[in-house]
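Please read them alongside the display.

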Amino acid sequence: MLTKITNTNNHFTANNREIYKTLNKSTKLPLLFVKSQENLSSTRFIQNTVTNWIPKAIFARSLADLGDLSFLEFFESGLFFFAPPLLGQYVARKGIFSKFLPKSQRKELDLHLTRSATDILKDSKLLKSGATKRLLPTKAAIVLSCACIPAAEYALSFAKNLFTLKVFKKSNFNNIANLNKQETETKAQQDKVRNSAIKHLKNAGIFSGIMFGASLLLAGFGHKSKTAQKLSENILHPGLSIANGLEKFGIKSPKLKRFLDTYINTDFASSNGKLALGKGQLAITTISGLFGYSAAAEDRGKLDKKEVWTRVPIVVLYTIFGSAAFDSAFKHILLNKNKYTDLIKKDKDGNIADIPTLKELPELAQNIAKTKNTTVQKELDRLVKEKATITGVPYAFCLVFMGFVLAGISRLWTQYRYNHSQQNKKA
């Protein structure tokens, strides 16, 4: 007998929708902001686009520079944050790999595909029924089939080079960034950029094809092999495998284990019964993008590569972790000042507990209203605004620092490097 998953999210969401319609007009904007923050894909898309594109567009050094960065930022943001859930949920899961599950159990097994491998392995009923043998290879196959995403992110910078060469007829970074006022372009330089870009785009396609072929084999035959079962676990949770290996050498740390399993993790997250972007997937894609940035920049000149390594590693860290550090610090300040006590509390381990989600706020508001003898609407209004403040202050700080300050400094630093190199040439 398989463990049955009942999805009550739709009913609960519908009830919430009616409750939130009663909020005051002044609470509507904070509510929209909080909603965006609770969706990892849309949140990170907005953050990445705003913090990367707008400041860099303001500091654009030429029309070619604006076109260059715009092509990269918009395609990259979409690739980062929407390709994983779309490809994973609708193409891989629903379109392809659910068909590999036994027809008699397909509908029920498919519901378990949104659960983490760790949860599946802990489910005694799934283990006893043998369903785990089917689920793990299928989940791993879905992940492998989406390997085209980090591959595309790596290749995107080369596609950007081709775009700029085709549209603006420029391949030299000094000309694109308007550092060299004479804008001399050589055929050798342009051929180098073009050939390198085509080569890397082909390699990304070949890699994606190999991974897709491997995913079909794993989904089709993985349930017949214990080795494939173990391989599937390692594919889905490599960070956990690393942590378990470290424990054998006496390195035991729950925090380290949790960190490794969160950020060295290829598995999808789950959102309302659907596959969603996982933090580990975001980390893998951004890191592959960093090396793609660097390799493509090297084709266009030393200054381009130096600018990449001045700015992009910081952006990668921000994209992966978001405003987590500032968020944690701000929550501790509020906790110490005894602010927003209905939302900010310590858990049994003495750490700050997770802030209640929008789905949890109506029930919390009802309980508070009974205690204080006030209305649910009044308490819900207050809770939404407090939650927006808790999230919004670190968010705004990161926008200013990661966006305008970093974009401005990186461009000034590049200009300084160029001027310094020209002085050395004259000397």
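1. Charges come first. The protein chain carries 64 positive and 32 negative charges, and their mean positions lie 3 Å apart. Lys and Arg count as positive and Asp and Glu as negative, while His and the chain ends are not counted. Each charge is placed at NZ of Lys, CZ of Arg, CG of Asp or CD of Glu.

2. On the basis of the notes: this is a predicted model, in which local features need pLDDT of at least 70 and side-chain atom pairs count only at pLDDT 80 or more, whereas totals for chains, interfaces and linings use all residues. Residues are numbered from 1 along each chain as its sequence is written, and side-chain values use heavy atoms, with hydrogens and water left out.

3. The fold has 20 helices and two strands, taken as DSSP runs (helices H or I, at least four residues; strands E, at least two) numbered from the N terminus. The C-alpha trace spans about 75 × 60 × 45 Å along its principal axes.

4. Of the 427 residues, 46% count as buried, that is, under 20% relative accessible area with a 1.4 Å probe and protein chains only.

5. A nonpolar patch lies on the surface, formed by Phe326, Phe397, Val400, Phe401, Val405 and Ile409. Helix H20 (residues 376–426) gives the most to this patch, with five residues. Phe397 sits in helix H20, and Phe397 counts as partly exposed because its relative accessibility is 45%, between the 20% limit for buried and the 50% limit for exposed.

Terms used:
Patches are made of residues with over 30% relative accessible area and no salt bridge: like charges are joined within 9 Å, nonpolar side chains (Val, Leu, Ile, Met, Phe, Trp, Tyr) within 5 Å. Accessible areas come from the Shrake-Rupley method with a 1.4 Å probe; for residues, only the protein chains shown count as cover. A salt bridge is a side-chain nitrogen of Lys or Arg within 4 Å of a carboxyl oxygen of Asp or Glu.
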